[in-house]
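Good morning, and thank you for the time.

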Amino acid sequence: MEKRVFFRDPVLPYLLVAPQIVITVVFFLWPSYQALESALYVEDAFGFSRQFVGLDNFRAIFADKVYLRAFGVTLVFGLSVTVLTMALSLGLAVAADRVLRASTAYRTFLIWPYAVAPAIAGVLWYFMMNPTIGIVAYWIEALSGTEWNHYVNGNQALILVIIAATWKQISYNFLFFLAGLQSIPRALVEAAAIDRAGPARRFWTIIFPLLAPTTFFLLVVNLVYAFFDTFSLIDATTNGGPANATSTLVVKVYQSGFVGQDYGASAAQSVVLMVIVMAMTVLQFRYIDRRVNY
Amino acid sequence: MAQLELNGLGKTYAGGVRAVRDIHAVVEDGEFVVLVGPSGCGKSTILRMIAGLETITEGELRIDGIRVNETEPGARDIAMVFQNYALYPHMSVRGNMEYGLRNEGRPRAEINQRIDEAARMLQLTALLDRQPRQLSGGQRQRVAMGRAIVRNPKVFLFDEPLSNLDAKLRTQLRAELKALHRKLGATFIYVTHDQVEAMSLADRIAILNGGEIQQLAAPLDIYRRPANRFVAEFIGNPAMNILEGHMSDDGWVLMDQGQPLLRLPSPIADRAGQPLAIGIRPEHLHPAPLGEGQQTHALASLQVKVDFTEHLGADCIVHARLENGATVALRLGGNARAIAADSPLSLCADPADLHLFDRQSGQRI
Ligand SMILES: Nc1ncnc2c1ncn2[C@@H]1O[C@H](COP(=O)(O)OP(=O)(O)O)[C@@H](O)[C@H]1O
Ligand SMILES: [Mg+2]
């Protein structure tokens with residue numbers, strides 16, 4: 001379908017897009033350019049001088065074992081958060097879709113976590129899971145007998161940030177899934193029921209395929225969130241530790257740049273992140289958008 | 001194929017709306033029953049209770065003598081065609097048609113054979129590999145019917161299946177549906193708000209209003225002997241003329257402004273002095289030449305002034321007004337000449353064509 005709009009005034013369309021372009025230039029293109037530029041220089045610790053080094057910064061970070069490990073951590077973290085978030089929120093949305101016609105209180109309740117600032121979510125989980133004072137840590141020890149100390153145990157720390165990030169993201173996913181579910185005409189599910197499909201079969205053969213556009217959208221959103229948008233949460237919860245067990249790529253950028261004062265390495269890492277984001281965006285537009293269009 | 005028994009079926013929705021009450025009906029094997037009534041009268045609710053999509057809150061539903069109130073929709077051996085077709089948008093036409101059969105676990109060969117057969121019957125063979133979005137409204141409706149046919153169910157349910165189509169296509173699909181019913185010999189229950197569909201398709205029509213059956217009878221019986229004023233006014237286009245009147249002590253039916261309308265051959269004794277609603281169909285009013293004034297006791301007569309005339313080709317509808325302001329319509333043949341507005345007209349009717357209703361209860365007398 002052709003959705004093009006024609007303007008009689010040749011200037012008006014440019015005026016209309018101008019604010020968006022200004023925002024993009026100031027907050028995206030300019031910093032990106034700066035990152036790209038800095039990635040090619042080595043700067044001294046006080047920022048007095050810098051020297052052009054070409055791709056040396058990139059060579060250095062890819063030779064750095066800690067950085068390579070951050071790739072693995074990011075992958076585990078990102079995939080776990082994405083899968084957990086989507087499975088849980090889809091389950092919640094399906095349950096809510098059943099009862100929702102009656103009350104909206106339930107919906108409001110489930111949206112709350114999304115309104116919580118990431119750093120506060122981090123601190124919340126920091127306290128709940130704190131080995132000495134945390135209530136959840138206490139329950140875990142009481143129920144399973146395993147000692148909970150994410151300050152020492154790297155796996156536990158990773159689990160903690162995965163849970164915190166998932167908890168934070170569920171409500172957003174829930175909303176989209178719920179909207180997706182509610183937009184599926186009831187008659188389709190009823191037709192399937194008359195066609196002898198049981199509840200599980202109805203879900204997997206009718207509802208889930210029809211949710212595909214929502215699911216793929218959320219898949220990309222969640223991966224982007226987990227890979228790039230969880231810095232403040234991880235920083236507030238575990239600070240990337242212990243022993244870099246929860247250092248994802250974004251955390252590494254911060255650590256190299258602001259803690260390690262190695263701006264060149266930090267900038268090179270940002271450029272790597274940028275490339276990944278662009279790749280994922282291209283993937284979304286090229287491949288996914290086409291495939292889920294029924 | 002199957003017989004359906006509705007024993008005092010009723011539905012009260014969770015919100016407290018009592019949408020349907022006290023539905024008694026027996027639908028015979030192979031019968032085509034149409035539920036018709038104004039929007040919101042509970043037609044869909046009844047159909048959905050039969051399908052198992054709504055729980056039955058009162059009464060009992062039996063298919064072939066077996067109570068199915070608690071049976072899942074899929075286990076009732078029914079098929080339903082929805083108003084918006086409800087085709088699975090992510091499956092091809094073939095996928096839509098075989099979905100139910102695959103759920104039943106039929107062997108591949110049988111599935112293919114049934115689909116080929118149904119596709120041939122509905123002229124869908126060339127469309128089997130299309131997606132629903134690539135089909136026109138009429139084709140989608142055919143696919144929805146095909147999806148029902150392949151399952152070879154005991155009962156077919158239709159909820160306003162033609163109401164999203166344009167008039168020409170509707171007429172065509174109506175004929176196809178009638179032919180399909182004859183070919184399949186299955187039990188059809190069909191919901192519509194369109195009286196033409198009801199009259200042309202049904203073996204019997206159930207007229208609903210306010211969640212209750214007003215009359216359940218063959219189309220012509222309903223047209224000729226409407227059970228109450230609602231049915232009388234609902235079926236027929238233009239609607240039946242209703243005049244307010246009452247019964248005199250000596251057996252005359254009088255208009256409310258005193259004009260005597262006719263003398264009943266045999267007065268209904270216990271109705272003396274009571275208010276009446278007098279119904280007469282437009283085609284039963286005939287113009288009597290003015291001046292021939294000698295009104296016989298055998299004919300009812302009315303003095304009216306013409307408002308306007310509608311020439312519809314085969315018909316000519318004259319709208320006129322009584323002295324007391326009530327309007328009437330009369331149907332004349334297509335060759336009738338136009339009658340000038342404001343010209344006086346004397347109308348007569350055969351008393352046998354009058355329908356008398358109790359004005360309070362609306363029931364036929
Ligand atoms: N799910 C529902 N919950 C509450 N009331 C309903 C529901 N569905 C229908 N109703 C009410 O029941 C009445 C009959 O509805 P329906 O059977 O859909 O009428 P029709 O199909 O004849 O237009 C209406 O008053 C409608 O508002
Ligand atoms: Mg309806």
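Predicted model: local features only at pLDDT ≥ 70, side-chain atom pairs only at ≥ 80, totals over all residues.

Let me begin with ligand 1. Which residues are found around ligand 1? They belong to chain B: Tyr13(B), Ala19(B), and then a run consisting of Ser39(B), Gly40(B), Cys41(B), Gly42(B), Lys43(B), Ser44(B) and Thr45(B). Helix α1 of chain B, which covers residues 43–51, makes the greatest contribution to this shell, namely three residues. Sorted by class, the shell has three nonpolar residues, five polar ones and one charged one.

Several polar atoms approach the oxygen atoms of the ligand. A polar backbone atom of Gly42(B) is 3.0 Å from an oxygen atom of ligand 1. For Lys43(B), a polar backbone atom is 2.9 Å from a ligand oxygen.

I turn now to the largest pocket, which holds about 950 Å³ of space. Its lining has 27 residues, and the closest to the pocket centre are Arg98(A), Arg186(A), Val189(A), Glu190(A) and Arg202(A). Four helices of chain A each supply at least two lining residues: α3 (65–99), α7 (154–182), α8 (186–194) and α9 (199–210). Of the elements that contribute, α9(A) has the largest share, with five residues. How do the residues of this lining divide by class? There are eleven nonpolar, five polar and eleven charged residues.

Finally, the cavities. Rolling a probe the size of a water molecule over the atoms shows where empty space is left. How many cavities of 30 Å³ or more does the structure hold? It holds three, and the largest cavity has a volume of about 90 Å³.

The lining of that largest cavity has twelve nonpolar residues, with no polar and no charged ones. Among them are Leu6(B), Ile23(B), Val33(B), Ile50(B), Ile189(B) and Leu216(B). In chain B, β2 (18–27), β3 (32–36), α1 and β10 (212–217) each provide at least two residues of this lining. The strand β2(B) gives the most, with three.

Definitions and conventions:
Residues numbered from 1 in each chain as written. Chains lettered and ligands numbered in written order. Heavy atoms only, no water. 1 Å grid on protein atoms, 1.4 Å probe; cavity = no way out; pocket = protein on both sides within 12 Å on 5 of 7 lines; lining within 4 Å. Points joined across faces, edges and corners; volume = space filled by probe spheres on them. Nonpolar A, V, L, I, M, F, W, Y, C, P; charged D, E, K, R; others polar. Near = heavy atom within 4 Å. Polar contact = N/O pair within 3.5 Å; in protein donor to acceptor, adjacent residues only side chain to side chain.
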